[in-house]
Structures are given as C-alpha cells and as structure tokens.
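Okay, thanks for having me, everyone.

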Amino acid sequence: MSREPKIRYAPKSADGERRWCNKCGRMMLVPDEIKPLGRRCFACQAETKDEYWKSYYAENRQKQLDYQAAYREAHREEINAYQREYAARHREEAREKARQWYYANRERHKARTAAYRQANPERQAEWVRRWYANKLRTKAGRLSYLEDSRMRSRLNAERNGRELTPVPLDEYRERYGGDNHHVQVPLAPLLPYVKAAYEELGSVELARLAGTSDKRVMEMIRGDRDEISLPVADALCTHFELPFSWLYQDVA
Ligand SMILES: [Zn+2]
C-alpha cells in the first residue's frame, strides 16, 4: 500500500531545486517530493511508515486485543453507561436513518427478511410468540387483538364461502370484550337495514341485538350519527346476515 505523498509546503514554481533521497537515491524536487531539509523523499517516508505499521500490527495484534479486552472488562459499567447515554441521545436520529434506509431498500429488505425467516423457522416462531405475548399484555392490546381476530375469522369465512355463524351478544362480549368501541365505521351502508329493523322490532330490542343503547339507536334513526363503532356494526351485520366486507370494504 503506497500513499500519495502529502505536500506540506506551498509548491514553489519551477525554480528546479532538487535534493538527494537517502533511501531510494533519486534526485527529488523540493518541496513537492522532498522537504527542503529532508533526508528521505515523501514516497520513501510513506513506504517506511506502511512497512512499520504492517509489521507492528502483525506482531502486536494479540497484545493489543488482550489489552482492549482487559480495558473493557475493567470499565464495563462505565462503557455500558456511556453506550446507553449515547443511544438515548441519538435515538431519533437512528430511527430516522433506519426509516430512510427501509424506504430506500424496501424490496431488498423484504427479500432478505423472508430468506431469514425461511432459514430460521424456530427463531421466527420465537419472535411471533414474543410479539403476541407483548401485544396481549395490556388490556387495550388484548381487546384490539381479539377484535382483529374476530374480523379475520369473519373475512376468512366470507372468502371461503363458509356460513357465518352469528355469535350471541353475551358470548361476543365474553369473547371479544365489551369496551372495544374505539374504531368507528360509517353508518350509511347499514342505515336502511337499521331503519327496517327499527320499524319491525323497536329501538329497545334493536339496541339489545346491536349491543348498544336505546339512546344510540335513536340517534342513528334520527340521523344524528353518521358513524358507529366496529363491534356494533359487526353485531348488526351478523344479525342481518350481511357480509361485513361487502358493507365496509375500506375497513376490512
Ligand atoms: Zn526516496
């Protein structure tokens, strides 16, 4: 490995001064190739340096590695604290970088992760197990998981042409929880059915079927509401035997 010699002096225009290099024995141009008082030319200096570091590293590598390992062992707490602090200080930056990398290399990333998953099935299984354990740890996570699984089973049944078995409301609540009403879907596709059912059954009975209150049903009928919660829409679709995906394609 030979480096371009560094020029430390402003090159003089062609006054033609030359010096003898003690190592390679050639006449070198001052100051471009040799220092005004230098004994060796820059090329020879760089070469000597390279030789020195090459042999130094080969001879002292193990010593240096041992020294580094001992240092790390002695200062472990300090190093860990610094790393934690550094990571905290650069977290946003690192995330942003990762995000940008992901969007720039999405296809490559997908192919790579798919290959990894295929090559490491037991690691993938462990990852999935941990993902679910983490999701089910909080109540909100558990409810959203149940809601998702309910929707998935429904959509799968529709896709595969299986018959939808309506789940009775109390069982629905027991299985999927009663307070996961945070996702809202438009009422408009269901409104004609709701109105017809209201004519037939009355608001109290309809509210019982839909798992909502009398007041809410009256708001729907009067047109005060243009959205309803996902579980209510689900219960109504089940009762009217309507395909949920057909009514709410953008949600499903
Ligand atoms: Zn030389």
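What we have here is a predicted model, where local features need pLDDT of at least 70, side-chain atom pairs count only at pLDDT 80 or more, and totals for chains, interfaces and linings use all residues. Numbering starts from 1 along each chain as its sequence is written.

Now look at helices α9, residues 203–210, and α10, residues 214–222: their axes cross at roughly 105° and come within 8 Å. Helices here are DSSP runs of H or I, at least four residues, numbered from the N terminus. The axes are lines fitted to C-alpha atoms over the stretch in contact, with angles from 0 to 180 degrees between N-to-C directions. So α9 and α10 are roughly perpendicular to each other.

Which residues of α9 are buried? Those are L206, A207, L209 and A210, buried meaning that 20 or more other C-beta atoms, placed from the backbone, lie within 10 Å of a residue's own. They span an arc of only 160° around the axis, which puts them on the same side of α9; that arc is taken from the directions from the helix axis to the C-beta atoms.

Key
Helices (H or I, at least four residues) and strands (E, at least two) are DSSP runs, numbered from the N terminus. Angles under 35 degrees count as roughly parallel, over 145 as roughly antiparallel, 65 to 115 as roughly perpendicular and the rest as oblique. A residue is buried if 20 or more other C-beta atoms lie within 10 Å of its own, exposed if 12 or fewer, and partly exposed in between; C-beta atoms are placed from the backbone.
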